[in-house]
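Dear colleague,

I am handing over the structure we spoke about, and I would be grateful if you could look through it before reading my notes. What I found is set out below it.

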Amino acid sequence: MVSKRKKISIGLNFTISLAVLIGVLLSAIFARRDGYSHWGRRLLYFTQQSNIWIGVTCLVFAIASLIEIRRGQPCVKRYVYVLKYVFTVAITITGIIFCCLLAPFADYDVWSTGSVLVHVVVPILSVVDWFFCEAEFSLRKIHIFLTLVPPLLYFIVASILGVAGVDFGRGVTYPYIFMNYNSEEGWFGITNNGIPKVGSAYWLLVVAGMVLFFAWLYYYVKTKQQKAKEK
């Protein structure tokens, strides 16, 4: 007998994958309208990458879950479950940073259909799904620190591209304003010209702190759920 939670999770996984597909395609189609020199430049952003990561993982998870139901035996692999956890945290950071830091200062229509899908809809559905998904595995505390890998790798690669002079599509060599190492604040500077601004190193610490907080929160709640189910 398939539980209601599992059915909801499978539905959410397919919905997330579809939302990612539509959102990423619309972002590419309307890239020039939003000021990007080429649609491919949008793939250099953490937003698009985190959406693709969670979209592919959710699709694999949903298909594996359906096969599991058909065969009557576990089919979802442990690494897929861990990846889902890691990418759920990544897409959460995407949504929060966009809504709180980027959208208020954007110079293009950030509330277009494609933008809302990749920045708001997918993050919300992914978080909801995380608390509905069921698996035969439990997370370990070490997995909390694995959630730092995607943003850290992104910072490293994006920084290398920036130093190499790669245009991120809007005539700048950085993807986000807080990664502009050539600004007055640089890495460790602090300025206060009406609006306080800090260097990229401080932002890196803030993002890392956010990642670990949500990683711990999702780990804690999921662990509580699994313990309650065992009782």
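**Salt bridges and the core**

Arg33, Asp34 and Arg42 are linked in a network of salt bridges. Please keep in mind that this is a predicted model.

The structure holds four salt bridges. In one of them the side chains of glutamate 68 and lysine 6 meet at 3.2 Å, N to O, which links distant parts of the chain, since glutamate 68 lies in helix H2 and lysine 6 in helix H1, 62 residues apart. Both glutamate 68 and lysine 6 are buried.

Another salt bridge joins the side chains of aspartate 129 and lysine 84 (2.6 Å, N to O), with aspartate 129 in helix H4 and lysine 84 in helix H3, 45 residues apart. Aspartate 129 is buried, with a relative accessible area of 1%, and lysine 84 is buried at 0%. The side chain of lysine 84 also makes a polar contact with the side chain of asparagine 13 (3.1 Å).

Turning to the nonpolar residues, the largest nonpolar core has 51 residues, of which Tyr85, Tyr154, Tyr176 and Met179 touch the most other members. Helix H3 gives the most to this core, with 13 residues. Leaving aside residues up to four places away in sequence, tyrosine 85 touches several residues, including Trp130, Leu139, His143 and Trp216.

With kind regards

Methods:
Residues are numbered from 1 along each chain as its sequence is written. This is a predicted model: local features need pLDDT of at least 70, side-chain atom pairs count only at pLDDT 80 or more; totals for chains, interfaces and linings use all residues. Side-chain values use heavy atoms; hydrogens and water are left out. A polar contact is a pair of N or O atoms within 3.5 Å; within protein, one must be able to donate a hydrogen and the other to accept it, and residues adjacent in sequence count only if both atoms are side-chain atoms. A nonpolar core is a set of buried Ala, Val, Leu, Ile, Met, Phe, Trp, Tyr and Cys residues joined through side-chain atoms within 4.5 Å. Buried means under 20% relative accessible area, exposed over 50%, partly exposed in between (1.4 Å probe, protein chains only). Helices (H or I, at least four residues) and strands (E, at least two) are DSSP runs, numbered from the N terminus. Contact means heavy atoms within 4.5 Å.
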